[in-house]
Amino acid sequence: MPSVSMTVNGNAVGGDIEGRTLLVDFIREHLRLTGTHVGCDTSQCGACVVHVDGTSVKSCTMLALQADGCQVETIESLADGDTLHPMQEAFREHHGLQCGFCTPGMVMTAVAMAKENPNLTESDVRRGLEGNFCRCTGYQNIVESIVAGAKAMQG
Amino acid sequence: MYEFNFNRPASVADALAAVADADDGQFMAGGQTMIPVLKQRLAMPSDVVELAKIDDLKGIAVDGGTVTIGAMMTHSEVHNSSDVASAIPALADLAGMIGDPHVRNRGTIGGSVANNDPAADYPAAVVGLGATVVTDRREMAGDDFFVDLFETALAEGELITAVRFPVPDKAAYMKFPNPASRYAIVGVFVSQSGSDVRVAVTGAGPCVFRAVAMETALASDFSADAVAGIFVSGDDFNNDIHASAEYRVHLVTVMAKRAVAKAG
């Protein structure tokens with residue numbers, strides 16, 4: 001079996017995997033980092049969004065071997081101990097979730113969006129969420145959370 | 001997904017050899033279509049030859065009235081390129097309308113063009129601008145490249161290395177996207193270069209095509225009104241849960257009007 005090595009949340013990790021292993025399965029099954037979710041498994045819902053070399057990707061639509069040598073960040077990278085990341089805190093404060101299943105992907109997408117454009121407007125956020133589905137909230141509070149979180153990340 | 005051998009060559013020559021030497025080799029660009037296809041077991045290549053490590057397939061060059069985009073440039077890279085935005089703003093605009101942000105960070109122009117999905121956006125730009133598809137062995141006019149549903153003029157084992165776009169006087173792309181997938185239910189790319197006008201339609205039929213009657217009308221009067229009364233034939237149009245063929249015929253005219261208005 002081919003071997004893979006990458007940096008996940010600052011830690012060097014690796015292993016022998018099948019070529020067909022998806023990045024999300026490597027993260028969840030091999031590394032046991034289960035914060036990254038598999039929603040649709042068909043590249044649509046965005047629950048599996050992680051950052052690879054600083055850009056957001058759907059980890060169900062990337063092979064683990066394609067991330068060989070890359071810097072990968074998952075939802076587990078955000079909080080500092082018990083202190084939530086400003087974007088996570090904004091989701092808590094603005095109730096940007098109901099069941100929470102889509103939330104890891106929403107937050108990782110939001111952080112990528114805010115890094116690219118710190119002054120996000122509501123329409124920027126709605127457009128930036130085109131690849132993330134939420135089946136509970138109707139998005140309103142998610143959008144409010146992201147606008148607030150992006151502001152908080154600047155401070 | 002069936003298991004396969006995974007190859008990551010660093011040169012075009014090695015990539016061609018890897019596919020040629022395999023029982024059933026398959027190139028993979030950004031994988032945004034191919035990985036879902038593999039998951040559904042609609043393809044079972046013995047070898048996947050991934051192209052991300054080949055520097056010769058990357059880069060954007062503006063030179064004497066043309067913009068050449070390496071096959072492995074992602075939609076995000078094209079969308080965010082100031083060179084593309086200043087030379088052919090309609091092309092940067094189109095790249096930013098593909099899929100969603102995560103798909104745009106992985107999907108590539110070469111992969112999109114090679115796949116020739118009937119609802120993909122890039123084929124409309126390639127035909128609508130009269131671009132040239134450059135491969136490891138030849139150059140093909142965009143008009144000759146897209147053959148039919150998911151079918152192109154590429155030979156077995158032939159690899160797209162770049163797409164070269166002539167800079168038009170003006171151009172614009174408008175699409176009516178599927179609200180879930182963002183694929184084009186209908187997309188229309190218009191361009192004008194001197195007296196030459198092109199109108200390319202994607203999403204509507206089995207393959208991108210030129211709306212010749214609209215081109216003729218726009219050549220004498222480049223205005224939205226000039227195409228308002230022109231309706232293309234929908235005989236072979238897609239007819240599915242997203243839109244009827246009749247509705248797509250209507251949308252082609254509406255998107256053409258909007259694209260002409262946007263081009264200014």
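Residues are numbered from 1 along each chain as its sequence is written, and chains are lettered from A and ligands numbered from 1 in the order in which they are written. Since the model is predicted, local features need pLDDT of at least 70 and side-chain atom pairs count only at pLDDT 80 or more, while totals for chains, interfaces and linings use all residues.

Chain B has twelve helices and 14 strands; helices (H or I, at least four residues) and strands (E, at least two) are DSSP runs, numbered from the N terminus. Its C-alpha atoms fill a box of roughly 55 × 45 × 30 Å along the principal axes. The radius of gyration of chain B is 18 Å, which agrees with the value near 18 Å that a compact globule of 264 residues would have. That radius is taken over C-alpha atoms, and the globule rule is 2.2 Å times the number of residues to the power 0.38. Of the 264 residues, 48% count as buried. Here a residue is buried if 20 or more other C-beta atoms lie within 10 Å of its own, exposed if 12 or fewer, and partly exposed in between, with C-beta atoms placed from the backbone. Among the contacts in chain B with a separation of 6 or more, 61% link residues 24 or more positions apart; two residues are in contact if their C-beta atoms, placed from the backbone, lie within 7 Å.

One sheet of chain B is open, with three strands in the order S1-S3-S2 and parallel pairing. Strands pair if DSSP finds at least two bridges between them. At the edges stand S1 (5-7) and S2 (25-28) of chain B, each with a single partner strand, so one side of each has no neighbour in the sheet. From one strand to the next, the twist averages 25 degrees. S2(B) and S3 (residues 47-50) of chain B run parallel and are joined by four bridges, and B:Phe27 stands opposite B:Val49 in S3(B).

Another open sheet of chain B has four strands, in the order S11-S12-S13-S14, and its pairing is antiparallel. S11 (170-177) and S14 (209-210) of chain B are the edge strands, each with a single partner, so one side of each is left without a neighbour in the sheet. Eight bridges hold S11(B) and S12 (residues 184-193) of chain B in the antiparallel sense, with B:Met174 opposite B:Val188 in S12(B). Helix H10 (residues 212-220) of chain B packs on this sheet, touching S13 (196-202) and S14 of chain B, and its direction makes about 150 degrees with that of S13(B). Helix H12 (residues 245-263) of chain B lies across S11, S12 and S13 of chain B, at about 40 degrees to S12(B). For these angles, axes are lines fitted to C-alpha atoms, for helices over the stretch in contact, and the range is 0 to 180 degrees between N-to-C directions.

Zooming in, B:Phe146 sits in strand S8 (residues 146-148) of chain B. B:Phe146 counts as buried because it has 26 C-beta neighbours inside 10 Å. Leaving out residues up to four places away in sequence, B:Phe146 touches B:Asn116, B:Pro123, B:Val127, B:Thr152, B:Cys207 and B:Val208. B:Asn116 is 30 residues from B:Phe146 along the chain, with 6.9 Å between their C-alpha atoms.

On to chain A, where S1 (residues 3-8) and S2(A) run antiparallel, joined by six bridges. These strands form a hairpin with two residues between them, and A:Asn9 in the turn has a positive phi of about 55 degrees. A:Thr7 stands opposite A:Ala12 in S2(A).

The domain assignment of chain A, which is automatic or from a database, gives domain 1 (3-75) and domain 2 (86-154). Their centres, taken over C-alpha atoms, are 21 Å apart. In this chain, 15 residues of domain 1 are in contact with eleven residues of domain 2.

Finally, the contact of the two chains takes 21 residues from chain A and 20 residues from chain B. On the side of chain A that touches chain B, S4(A) gives the largest share, four residues.
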